[in-house]
Amino acid sequence: MQTSFFKKPIFGVRVGELLAFIAFYVFMAVFYYVTLWANRQGFSDKNDKLFGDLIIFIDDSGLDYILKFIITIPIWYLLFKVLKHWSLSKRLLLHVILLPTFVIVWQQSYYYITEVVKFYHLQGSGKVWDIYIPALFYILQFGILHAYNYYRENQKKIIVEGELRNAALKSELSAIKAQLNPHFLYNIFNTISASVPPENEKTRHLIAELSDLFRYQLKASQIELVPLKEELKFVKKYLDLEKERFQERLEINIDVDASIMDELIPPMLLQPLVENSIKHGLSSLIEGGSISISIHKKNNKLAFEISDSGIGIRNKAQVFEKGIGLTNTRLRLEKMYQTTLKLADNKPQGLKISFEL
């Protein structure tokens, strides 16, 4: 319970991270206050108690760091939320503008407020310290923030790489099992097909379709890329078999540009997504529903969309924690193309899965 509380996000920031950031400011404010007290030799003055007066604390350092905290928030949001897709070098270069902005806004705000409430601030040539010290503090805090952000991103990569290794191991084991004696399986299909009476030609056709599915799966375990037309042919055979099960309850729509049929994609990429839509979206509906596959060229990338009119998914964040097909597909996309699956509600109902290569 305690761990989950600190990991709970507030405006995209974990509670633990927010508390640590606030603690950092409290520490810096207290440290600066103690430094000023020691510099004026307050320890030798019985009337100058270290934490004897809250107003003195606010005057000496409290107001200073409250203002720095407030001004830091929009800069942090810009660098780590709005511009998080920027490279680190670009964001570091942006500090050339943000640092003097931070110092000027803080100095002018601090001077204005202290003059209004009759607090003290440096005068004359001493004002240079109100430029130098805030600039050093800015460099310190954003140095820590950038280092922590790099650590978080690196931890995510380590986790993803670990998941990919596990997925690759499972894939290799599956491939080994499939290669033990695949011809035995095909011979069994042929034997079953030969035993079917001639008048049941439809059954023979379904057996042949199923045999082709296993043959393609074996091929997929041995190569990295296949033409889009081969992947679609495989998916259509899978959907034909599902159509026999659902009959009129399943409507299939495929919209793919003929000009992109020779584009190379990873094998077995679409089938797990289609199977997910049928198994988790449509199978529980008495009236059935429809599944649509749309693939087009967009901004020099292949844009994929698999949508269904099923029951949909409320908590999309938990989908990847349960399903193997969606999880493995997401990991393959992240590893090979640095992209990922996007889940959204279909209209008027159902689920829409999209990604780009």
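Helix axes are here lines fitted to C-alpha atoms over the stretch in contact, with angles running from 0 to 180 degrees between N-to-C directions. In this predicted model, the axes of helix α3 (residues 54–82) and α4 come within 10 Å and cross at roughly 145°. The crossing of the two helices is right-handed. On the α3 side the contact involves, among others, Leu-63, Leu-67, Ile-71, Ile-75 and Leu-78; α4 contributes residues including Arg-91, Leu-94, Leu-98, Phe-102, Trp-106 and Tyr-110.

Helix α4 covers residues 88–117, and its 30 residues at 1.5 Å each should span 44 Å; the C-alpha atoms at its ends are 41 Å apart, which agrees. The helix is bent by about 40° at Val-96, and Pro-100 follows within four residues. Its buried residues include Arg-91, Leu-94, His-95, Leu-98, Trp-106 and Gln-107. Just after α4, Lys-118 has a positive phi of about 65°.

Nonpolar side chains in soluble globular proteins tend to be buried together. The largest nonpolar core in this model has 35 residues, and the members touching the most others are Val-274, Ile-295, Phe-304 and Phe-355. At least two core residues come from each of α8 (228–246), β4 (250–256), α9 (271–282), β6 (289–298), β7 (301–308), α11 (324–337) and β9 (351–356). Helix α8 gives the largest share, seven residues. Leaving aside residues up to four places away in sequence, Ile-295 touches Leu-228, Leu-232, Asp-255, Val-256, Asp-257, Ile-260, Leu-270, Ala-303 and Phe-304. Another core, of 27 residues, lies apart from this one; Phe-21, Leu-83, Ala-135 and Phe-137 are among its members.

Notes
Residues are numbered from 1 along each chain as its sequence is written. This is a predicted model: local features need pLDDT of at least 70, side-chain atom pairs count only at pLDDT 80 or more; totals for chains, interfaces and linings use all residues. Side-chain values use heavy atoms; hydrogens and water are left out. A nonpolar core is a set of buried Ala, Val, Leu, Ile, Met, Phe, Trp, Tyr and Cys residues joined through side-chain atoms within 4.5 Å. Buried means under 20% relative accessible area, exposed over 50%, partly exposed in between (1.4 Å probe, protein chains only). Contact means heavy atoms within 4.5 Å. The expected span of a helix is 1.5 Å times one less than its number of residues. The bend at a residue is the angle between axes fitted to the seven residues ending there and the seven starting there. A crossing is left-handed if the near helix is turned anticlockwise from the far one by less than a right angle, and right-handed if clockwise.
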